[in-house]
Amino acid sequence: MAFNSADIAAFKNVWVFCEQRQGKMMNTTFELISEGRKLADELGVDLCGILLGDDVDGIAKEIGGYGADSVIVCNSPLLKNYTTEGYTKVICDMVEEYKPEILLFGASNIGRDLAPRCAARLHTGLCADCTHLDVDLDGYVNFLRTGSSLDVDGMNFDSKLFDVKTNLKMTRPAFGGHLMATIVCPRFRPAMATVRPGVMMKREFDNAKAASIKVIHPEFKLAPEDIETEVVEIVKAAKKMVDLIGADYIVSVGRGIAKDVEGGIKLAEELADELGGVVGSSRACVDAGWISADHQVGQTGKTVHPKVYIALGISGAIQHKAGMQDSEYIIAVNKNDAAPIFEIADYGICGDLFKVVPLLIDAIRESKAAKEA
Amino acid sequence: MILDKKHALQQKLFRQFAETEFTKEILDELEETGEFNWEMHKKMAKYGFMGVKIPKEYGGAGCDHLTYALMDEEFARQSAVLALYANTSNSLGGGPLLLAGSKEQKEKYLPPVARGEKILVFALTEPGAGSDAGGTTTTAIQDGDDFIINGRKCFISGAPMADWCILFAKTDLSAKGSRGISMFIVDMHLPGVSLGAPEKKMGIVGYPTSDVVLEDVRVPKDCLIGKLNKGFQTAMKTLDGGRLGVAAQAVGIAQACLDESVKYAKERKQFGRPIADFQGVSFMIAEMATDVEAARQLVYHAAQLKDAGSEEASKACSIAKFFASEAANRCAYKAVQIHGGYGYIKEYKVEKLYRDARITSIYEGTSQVQEIVISSNLLRK
Amino acid sequence: MKILVTVKQVPDTSGKVAVKEDGTLDRASMQTIINPDDLNAIEAALTLKDRLGCKVVAFTMGPPPAEGMLRELMAMGVDETVLITAREFGGSDTYATSQIIAAAIDTYGLEEEDIVLAGRQAIDGDTAQVGPQIAEKLHIPQVTYAGDIEKDGRTLTIKRILEDGYMTIKVKTPCLITCIKELNTPRYMTVLGTEECFDMPLHIMDYNTLKDHPLIDATTIGLKGSPTNIYKSFTPPQKGAGMMLEGSGKETAKQLVSILTDKHII
């Protein structure tokens with residue numbers, strides 16, 4: 001029988017596309033498996049990973065540890081490196097054969113290349129870059145209670161068009177995060193989503209589950225002619241150079257580093273490194289010759305709007321604020337609790353930056369380590 | 001006046017370009033070195049700004065006076081001096097050729113000027129002949145097929161970079177006043193042409209100005225533009241168009257003063273509240289906004305009169321320049337006042353605006369000369 | 001050879017974003033701009049045009065005022081533009097949108113030597129889906145996240161940017177490439193362009209133009225043909241007033257980091 005994405009009753013189980021690069025599983029995959037487990041449990045179905053590559057059986061079982069019941073592995077030299085056509089063909093063929101009702105991808109550059117192409121071929125809906133997923137309605141309402149400015153208690157969650165209790169509710173930011181939207185795909189299957197990396201929580205690794213995962217090697221057809229692009233080389237980049245304007249994270253230093261200029265700048269660099277950001281400064285530091293002018297933020301320096309702006313020992317003169325007050329989050333550390341910077345900071349710590357910053361760096365490292373584990 | 005779609009799109013282009021390209025680094029460098037920024041000149045040429053008003057058949061874009069005014073305004077809003085970069089070829093440089101040049105002269109000189117490959121400047125003023133151009137002492141004496149030019153021109157904007165200059169010289173030494181003056185285009189690389197040292201100016205720093213000295217400069221007679229002894233009339237007509245450009249530049253400066261003041265008044269806190277809350281400040285802002293808008297409407301109107309070929313255009317350009325340049329000075333004064341001590345230091349934009357505004361009521365006819373033009377238009381009819 | 005570029009007019013989300021009480025965007029109060037990534041696609045097309053002298057045609061789907069954006073593109077150097085506009089197309093999600101644009105491109109004519117360029121994603125939806133879905137509907141290969149494009153005959157060599165490096169990919173025309181901002185710096189309009197763009201060709205493709213195309217039927221376009229629907233839309237919790245954390249020791253540092261990680265800020 002021909003594949004029909006509108007025959008929604010024919011679809012069952014939750015699938016996760018397991019992205020690997022050069023034979024190494026991407027961390028996002030584990031996050032997705034963990035989240036997929038939650039959805040599968042809410043639906044009372046199985047969770048299955050789908051892994052494509054060349055000789056990747058060795059990493060297939062890993063996902064069992066995060067909750068997958070089974071994994072479909074497609075090995076082929078033609079799948080060694082990612083190509084849109086090769087991966088799309090195999091995934092779509094598998095979906096048509098096994099008919100999962102939910103299919104998740106990581107919203108990596110590869111996931112966001114592959115998922116839309118598959119959705120278009122399968123004639124189904126895809127929601128991009130999701131930050132929250134629910135099947136269970138109560139769970140969704142609870143999420144809205146804290147994750148939105150809606151007054152959920154007076155709201156009607158029913159719909160005449162579809163069953164709100166069994167459809168996947170995919171929530172994502174739009175308009176640069178100013179607005180959130182929950183998307184549904186009620187009339188077609190699988191309901192597809194790409195999920196923003198780093199958002200979903202990884203479960204604790206379960207050795208027993210990893211050992212018991214069912215590995216499936218289905219037959220599939222893929223010929224060299226199916227692939228129209230040629231991967232010439234894959235290059236891993238050295239550390240990215242970022243400038244102030246494009247940076248998501250900026251750690252800026254001010255006159256507060258005076259007692260140990262070199263040490264202060266080094267601390268700021270370390271903190272910036274932890275966050276993947278860059279170091280900025282107030283005008284005072286530039287004028288004093290402590291740091292070069294290309295670091296300067298403010299009226300006479302650069303105007304920046306990073307995700308997070310951390311002001312260390314910066315009093316917050318109007319000239320400085322003019323260059324950074326549109327940052328999404330402002331964090332200030334200053335010894336003087338009356339410093340004007342605290343007026344615009346989202347979070348403030350009154351204290352000596354030389355003491356506070358090393359503690360912050362430690363706390364970030366700890367939190368990262370906890371996430372990795 | 002409401003701009004039509006085309007002019008609105010052109011305004012958007014000028015604004016986008018100036019806001020993006022006239023960076024603080026570039027403006028600071030101009031201010032510090034006082035030197036011409038060739039890279040900026042080339043970039044502006046690439047998009048066709050040098051040829052805005054030059055007809056398409058001579059390599060320009062063939063826009064009208066309104067577009068030209070919009071360009072000067074938007075550029076000056078970010079940088080009064082960089083507005084000059086794109087201005088000269090469209091006004092004092094290209095203007096005389098368009099008004100009086102032969103087809104051959106236009107074909108030879110205008111396309112490279114429109115493309116920004118050559119720089120053409122305007123040399124009328126002399127040490128003893130400013131607003132009174134009739135006092136010209138530079139002479140051009142016919143010698144066979146050539147003219148021999150001797151004299152000294154001063155305050156020539158752009159002279160140090162110029163390839164050619166439009167030069168006014170007495171050709172009939174017996175004629176009195178403004179009569180007997182002819183207009184030439186002189187190759188600045190000819191033997192006998194030399195430059196004075198660049199002037200150290202109060203404002204519009206970064207567009208060098210110097211004297212041009214002519215000692216027995218021999219130019220062929222096909223460098224005569226228009227009729228012999230009739231150059232002064234062309235000079236006056238050219239200045240009409242130039243006045244419109246200066247007026248638009250003044251509107252841009254005034255608008256920048258307003259922009260900076262609004263921003264600062266909302267940010268700056270005194271006595272626990274933004275200074276915008278104080279009527280002493282907010283009223284100054286209202287006065288500035290009114291000045292800017294009135295000046296802008298006068299400029300756009302004068303541009304439209306010029307485009308329509310109206311007889312009222314000359315007077316309207318003088319009115320626009322008179323009002324807009326004085327308004328720019330008033331706005332600059334208030335902008336510095338609102339900024340207080342910060343407005344007096346070079347780090348703040350208004351300090352430069354204050355100095356740049358000052359030239360607009362001086363060059364291409366002082367405010368007092370505009371008053372003469374306006375009043376004589378009314379009284380001597 | 002010609003280059004077809006898909007562009008979108010979007011609300012400018014870089015400034016203040018106005019949200020109505022019902023949680024939808026107050027588009028009327030916002031400025032519209034050309035989607036930034038699409039400008040990189042336009043620049044890539046114009047760069048190739050400068051070198052190869054090929055024709056560049058821009059396609060957009062949107063309401064009639066999108067004409068202003070198309071004039072602007074022609075003032076930059078685009079030769080022709082196509083405005084796809086019809087009430088029937090309104091409310092389309094990415095799937096339906098890509099069907100309609102693919103039908104328009106196919107109707108205009110896509111030949112062996114042609115390239116389709118798109119921006120990586122639009123700043124209103126940030127989905128990055130329409131480009132690949134157009135490619136699928138046109139049955140041509142795609143390369144997304146292009147950071148560099150070189151052309152030699154029918155072969156394109158593309159540097160495809162990944163989070164941890166890049167891939168170099170070869171692909172033959174016809175193909176679709178999505179462009180990122182690292183690819184180039186978009187040019188401005190030229191003065192001459194602004195004078196001439198209002199007399200340049202702007203084709204309208206409405207429902208009647210496209211209704212007989214195989215990709216277009218009531219079940220695949222517009223709100224009704226869209227596989228996805230918006231269930232709820234809302235604003236994130238308001239960013240509260242600033243908060244001074246107690247103390248300055250280890251616990252305070254931990255508290256801050258945990259707040260930031262909980263909110264996915266770091």
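Visitor: What percentage of the 373 residues of chain A count as buried?
Guide: This is a predicted model. A residue is called buried if 20 or more other C-beta atoms lie within 10 Å of its own. Of the 373 residues in chain A, the share that counts as buried is 51%.

Visitor: How many helices and strands does chain A have?
Guide: Along its principal axes, the C-alpha trace of chain A spans about 75 × 55 × 40 Å. The secondary structure of chain A comes to 11 helices and 18 strands.

Visitor: Which strands are the edge strands of the open sheet?
Guide: The sheet has 10 strands with mixed pairing, in the order β13(A)-β9(C)-β8(C)-β7(C)-β10(C)-β6(C)-β1(C)-β4(C)-β5(C)-β11(C). An edge strand here pairs on one side only. The two in question are β13 (229-236) of chain A and β11 (202-205) of chain C.

Visitor: Which residue is the bridge partner of C:Leu83 in β11(C)?
Guide: Strand β5 (residues 80-84) of chain C runs parallel to β11(C), and four bridges join them. In β11(C), the partner of C:Leu83 is C:Ile204.

Visitor: What angle does the direction of helix α2 of chain C make with that of β5(C)?
Guide: Helix α2 (residues 67-76) of chain C packs on the sheet. The strands touched by α2 are β1 (2-7), β4 (55-61), β5 and β11 of chain C. The direction of α2 and that of β5(C) make an angle of about 165°.

Definitions and conventions
Residues numbered from 1 in each chain as written. Chains lettered and ligands numbered in written order. Predicted model: local features only at pLDDT ≥ 70, side-chain atom pairs only at ≥ 80, totals over all residues. Pairing = 2+ DSSP bridges. Contact = placed C-beta atoms within 7 Å. Axes fitted to C-alpha atoms, helices over the stretch in contact; angles between N-to-C directions. Buried ≥ 20, exposed ≤ 12 C-beta atoms within 10 Å, placed from the backbone.
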